[in-house]
Amino acid sequence: MKLTKLDKKIINALSSDLPESINPYKILAQKFKVPEDYLIKKILLWKKTNLIRRIGATIRHNKAGFLFNVMFVCKIPDANVSKIGMEIAKFPQITHCYERLTNKNWQYNLYAMVHGKTKKECKKNVDEIVKKLKIHDYKLLYTLRELKKTSIEYF
Amino acid sequence: MNQTDKKILNEIQKEFPVSKFPYKTIGQKLGLTEQKVFNTVIKLKKQGMIRRIGAFFDKKKLNYASALIALKVEDKNVHKVAKIVNSYPEITHNYLRKDEYNIWFTCIASSTNDIKKIINSIQTKGKIKETLFLPAKKTFKLSAIFKV
């Protein structure tokens, strides 16, 4: 995808926080010296073509009571990994689910982030998944501390 | 949080409208005034409940490479290594986890090669012996949305 200098500036601005205004896009458009309609059209096009996956709010989930999360990793035979991955993705307590490359010291190939309001609830969510999908070879990596969390500046 | 706060928070996590009057659009959907929605959002931001409102781009479509990386670090060195890892702007998330591989972070850069260079430099600076390089092969879900 060919991006202009202006596109890149807009992408950076949208990747951080929208202006705190009742007309946030108007403020952005003024900043970039383009008509508001032009900016809105462009963003809608990017949404349509899936360059933008989502425009929305990110919450501090621990503040909202989701105090615990665990990285669930499991070993699934290659032939089943897509099926199991898609099944895991259906659980609402899961925010991320990926198939990843393995390493000679680390044969886990399917990953999911599981959330809960308590450690017990977190564990219960995992139990539900492994039971339903008959996953036997798995491990739980509890989050002890968030060391860094930022959003990326692309350009 | 009261019921209105929760209603607004659930809605704007899913979608923040792209229109001239986004708060009006949300208000119409939820049966609230534009001003009420806007004031609530500002309040939730001040309280720290909302981290940001913005777009999530498809990194691949922007020609970026990304990977999950894990390091095995002795407990006494965790603080020092975390500081090294956090110093790279390409590293956006970093967590201490309960495992022999205890430092887990995500790295986003222009190419896989660039990511590997960053890993090498962390390994040298932090005297790390064991590292896992775990790029995604397939994404099944990526939606950090929490129903409150």
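So, Tyr98 of chain A: its bridge partner in strand E6 of chain B is Thr139(B). Strand E6(B) covers residues 136-142, and strands here are DSSP E runs of at least two residues, while helices are H or I runs of at least four, both numbered from the N terminus. For strands to count as paired, DSSP has to find at least two bridges between them.

Quick housekeeping. This is a predicted model, so local features need pLDDT of at least 70 and side-chain atom pairs count only at pLDDT 80 or more, while totals for chains, interfaces and linings use all residues. Residues are numbered from 1 along each chain as its sequence is written, and chains are lettered from A and ligands numbered from 1 in the order in which they are written.

Okay, the interface as a whole. Chain A puts in 63 residues and chain B 58, where contact means C-beta atoms, placed from the backbone, within 7 Å. Which element of chain B gives the most to that side? It's E1(B), with 8 residues. Other elements giving two or more include helix H1 (3-14), helix H3 (34-46) and strand E5 (131-134) of chain B. By class, chain B's side has 32 nonpolar, 10 polar and 16 charged residues. For the classes, Ala, Val, Leu, Ile, Met, Phe, Trp, Tyr, Cys and Pro are nonpolar, Asp, Glu, Lys and Arg are charged, and the others, Gly among them, are polar.

Now inside chain A. H2(A) brings Tyr25(A), Lys26(A), Leu28(A) and Ala29(A), and H3(A) brings Glu36(A), Leu39(A) and Ile40(A).

Most residues other than glycine have a negative phi. Asn50(A) has a positive one, about 65 degrees, in the loop between H3 and strand E1 of chain A. Buried or exposed? Asn50(A) is exposed, with 10 other C-beta atoms within 10 Å; exposed is 12 or fewer, buried 20 or more, partly exposed in between, with C-beta atoms placed from the backbone. Over in chain B, Lys127(B) has a positive phi near 50 degrees, and Lys127(B) counts as exposed, with 11 C-beta neighbours inside 10 Å.

Definitions and conventions:
Contact = placed C-beta atoms within 7 Å.
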